Each structure stands twice: as structure tokens, then as C-alpha cells.
Amino acid sequence: GTEDIKIVSAAEYDLRQAIADGGSYTLTGDVLNISELIKVEKDLVLDLNGYTLAFTPQSGYPGIKNTATLEIKNSGNTGGITSTQAGIQNNGKLIVNCDITSVENAINNVYDGETTINGGSFKNTSDEHALINSNNYENGTPVLTINGGTFESVFTNVSYNNYSTGAVNGGTFTCTGGWHNIYVGGENGGCNVTYDASKCSFT
């Protein structure tokens, strides 16, 4: 219930302490210039509440690495997650309904990661990294389910690689480069993905 939901202030230290403790939290302000990786190792529900988490990770790293059950939502009309590299790497269970803007992958779903995207706006600027990536990297069977959202990428919007499974049940997909809205494959194959084109929009 609502009595379990705690407030996390706009200080990075408080955010890290909340994440270390686990539980349900609501942001009360922007947390900007987060350069050190945030590891989610206890189950966490985070409501951005109209505010922004802005990550500036070192090259090749995400802002958040999840190995627990992480739900990120946004009850506000503004705000979201931004990253100058990748947004979220998921090795656990991830549920997302918020905006994510990144340079590389907005979400990188790896190994036995299970990601469900229920909504939000997702955009990246890299011409060699998929916006939403699911890949087992030769270990595991990642699952990616997209139930809605808006996706825009120069490269590929959604990439299912190497034993990734899941479904695209809805969404609006715009690929501004000469690549793919949804790619299914990979050198090791093993992908099993369903999609409902009647509930999707592709440009």
C-alpha cells in the first residue's frame, strides 16, 4: 500500500541509500550528473514523479545495472532517464513505464534478463547501438516484452539476438536510418519472437 512508499530526496547520496535498502520510493527532485554506476541488487520500485535521473557514465557503461526486480515508472508529465552512454542494463527483472533518452542502448537486456516495457518514449542517437537490445552474449535466454511505447532510433529500434525470446504487442516505431524497426536473429539464432503488427505503427 501507499504506506510502504518512501520519499527519496534530490541528493545522489539519498538515492543510492534508498536503492541499497530496496523498497518503493518517489523522487522529489532531479538527480543530475550521476557518473558512478548505480547497482540495483534489492527489489525496488521507483516513481520518477516528473523528475529526471541524468547519468554520465564512463564509456561502455550504463547508468543503472539491475540484478534484482526493478520497476521504474513516472506519475508526472515531465522527467525521465537520460544517459550519455547506455541507460539501463538488465540482468534481472525490469518493468519500465517512463521516458529514456540515451546515446547507446536505452535498455540492454542481457543473459537471463527479463524486461517488460509498458510505455514511455525511448530515443537514442548512436548509429551502431540498438535502442532496445536483447542478447544472451552466449549465456542465458533473455526475454523482452514490449506492450507499448514510442521508439525512435537512427540504427535499430528493437534487436532480439542470440536466444532472445519475447513479444512486441504494441508500440510506435520510427527508424530514421536505413536499419530495422524490429530485428530478430543473431549468429547463434534460437530466437522466438511474436509481434502483433495490427497494434504497432512502423515508419
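**Close-up views of the predicted model**

**View 1. Ile64 and the pairing of β7 with β10.** Ile64 stands opposite Ile88 of strand β10. The model shown here and in the following views is predicted. Strand β7 covers residues 62–66 and strand β10 covers residues 86–90. The two strands run parallel and are joined by four bridges.

**View 2. The open sheet of seven strands.** Strands β7 and β10 belong to an open sheet with the order β4-β7-β10-β13-β16-β19-β22, in which the pairing is parallel. The edges are formed by β4 (38–40) and β22 (182–185); each has a single partner strand, so one side of each is left without a neighbour in the sheet. On average, and with direction ignored, neighbouring strands of this sheet are turned by 10° against each other.

**View 3. Strand β13 and its two partners.** Strand β13 comprises residues 107–110. Towards β10, the pairing is parallel and extends over three bridges; here Asn90 has Asn109 of β13 as its bridge partner. Towards β16 (residues 132–135), β13 again runs parallel, with four bridges. In this pairing Val110 stands opposite Asn135 of β16.

**View 4. Both faces of strand β13.** In a regular strand, side chains alternate between the two faces of the sheet. One side of β13 carries Ile107 and Asn109, and the other carries Asn108 and Val110.

**View 5. The tilted ring pair of Phe155 and Trp179.** Five aromatic pairs are found in the whole structure. The ring centres of Phe155 and Trp179 are 4.7 Å apart and the ring planes stand at 55°, so this pair is tilted. Phe155 lies in the loop between β18 (150–153) and β19 (158–161), whereas Trp179 lies in the loop between β21 (171–175) and β22. The pair therefore ties together parts that are 24 residues apart in sequence. Phe155 has a relative accessible area of 17% and is buried, because the value is under 20%.

**View 6. The phenylalanine cluster.** Phe122, Phe151, Phe173 and Phe202 are linked into a cluster by ring pairs.

**View 7. Asn33 in strand β3.** Asn33 is located in strand β3, which spans residues 31–34. Although Asn33 is not a glycine, its phi is positive, at about 55°. The relative accessible area of Asn33 is 59%, and the residue counts as exposed because this value is over 50%.

**View 8. Asn49 between β5 and β6.** Asn49 is placed in the loop between β5 (44–47) and β6 (52–55). Its phi is near 60°, again a positive value in a residue other than glycine. The relative accessibility of Asn49 is 31%, and the residue is classed as partly exposed.

**View 9. The whole protein as context for the close-ups.** The protein contains one helix and 24 strands. Its C-alpha atoms fill a box of roughly 45 × 35 × 30 Å along the principal axes. Of the 203 residues, 48% are buried. Among contacts between residues at least 6 apart in sequence, 51% join residues at least 24 apart. The accessible surface comes to about 9,100 Å², and 44% of this area belongs to carbon and sulfur atoms.

Conventions
Residues numbered from 1 in each chain as written. Predicted model: local features only at pLDDT ≥ 70, side-chain atom pairs only at ≥ 80, totals over all residues. Heavy atoms only, no water. Pairing = 2+ DSSP bridges. Axes fitted to C-alpha atoms, helices over the stretch in contact; angles between N-to-C directions. Phe/Tyr/Trp six-rings, centres within 6.5 Å; stacked < 30°, edge-to-face > 60°. Buried < 20%, exposed > 50% of the residue type's maximum accessible area, 1.4 Å probe, protein only. Contact = heavy atoms within 4.5 Å. Areas by Shrake-Rupley, 256 points an atom, 1.4 Å probe, with all protein chains shown as cover.
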